[in-house]
Amino acid sequence: MKLKVLFLPWSAMLVAAAAAHAQTRVASEAETASLQAYLQQLRPGVALRPRFEIRREGAEWRIDAWAESPPQRAAWSLCLTTRSDYRYDARARRWRENGVDRQYAWLDRARDCGVVQERVELKHTLAERDIVTMLEQQASLLQGARLLFAGNTQCAAQRAHNFKLVSIDVGADQLYQLAYRSDRGGHATVSVRKRGPELTAWNVRC
């Protein structure tokens, strides 16, 4: 009797391995309660709604979570929130802060800052007036950078793509760095020069 040996294509093997590696599950009641207790130690009296990201790595589960502070009204129509990330240390049986807090901003005239799906990450400390100005003018700055796209071989193909602002930073040259992500998965960063109240798209890289 002959045994038939089946050979899977390499691509199928990779997909199967990735699926096995990407096992996830929801947080247990005990895990949720322990994180809530930890958050209350860090920020007593602040109601936070954490979200979990749990996936299997080898024989163990990696338990990560994150929570955002309640939205805060800043100057003008500016709203701010801070996201903190946490990881459960199974050996020590305790939660730890995982990395540096990240701050997000958006514009909303609602008193409670509303419920927003699209926020912009602030990767550098900026004056509130500057944040508002950048958020208000980012669309026109992107439009002004379309000509710069055409003159950059790495960006030319994305010139007509639709982009969404994802972060604001400040480069070593002290130019603002507006990072965009396109609806087709591409990325572009527009360098912006500020002279008095005037903002100018100065350079672009993709």
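**Disulfides in the predicted model**

C79 is buried, at 0% relative accessibility. This cysteine belongs to a disulfide with C113. The model is predicted, and it contains two disulfides. With bonded cysteines counted along the chain, the pattern is 1-2, 3-4.

**The C79–C113 disulfide**

- The sulfur atoms of C79 and C113 are 2.2 Å apart, which meets the cut-off of within 2.5 Å for a disulfide.
- C79 lies in strand β4 (residues 78-89), while C113 sits in the loop between β6 (102-107) and β7 (120-122), so the bond ties together parts that are 34 residues apart in sequence.
- The torsion about the S-S bond of C79 and C113 is about -95°, and the disulfide is therefore left-handed.
- C113 has a relative accessible area of 1% and is buried; C79, at 0%, counts as buried too.

**The C155–C206 disulfide**

- C155 and C206 form a disulfide with a distance of 2.0 Å between their sulfur atoms.
- The torsion about the S-S bond of this pair is about 120°, so the disulfide is right-handed.
- C155 is in the loop between α4 (146-150) and β8 (163-170), and C206 is in the segment after β11 (198-205). The pair links distant parts of the chain, 51 residues apart.
- C155 is buried, with a relative accessible area of 0%.
- C206 has a relative accessibility of 33% and counts as partly exposed, because this class covers values between the buried limit of under 20% and the exposed limit of over 50%.

Notes: Residues are numbered from 1 along each chain as its sequence is written. This is a predicted model: local features need pLDDT of at least 70, side-chain atom pairs count only at pLDDT 80 or more; totals for chains, interfaces and linings use all residues. Side-chain values use heavy atoms; hydrogens and water are left out. Helices (H or I, at least four residues) and strands (E, at least two) are DSSP runs, numbered from the N terminus. Buried means under 20% relative accessible area, exposed over 50%, partly exposed in between (1.4 Å probe, protein chains only).
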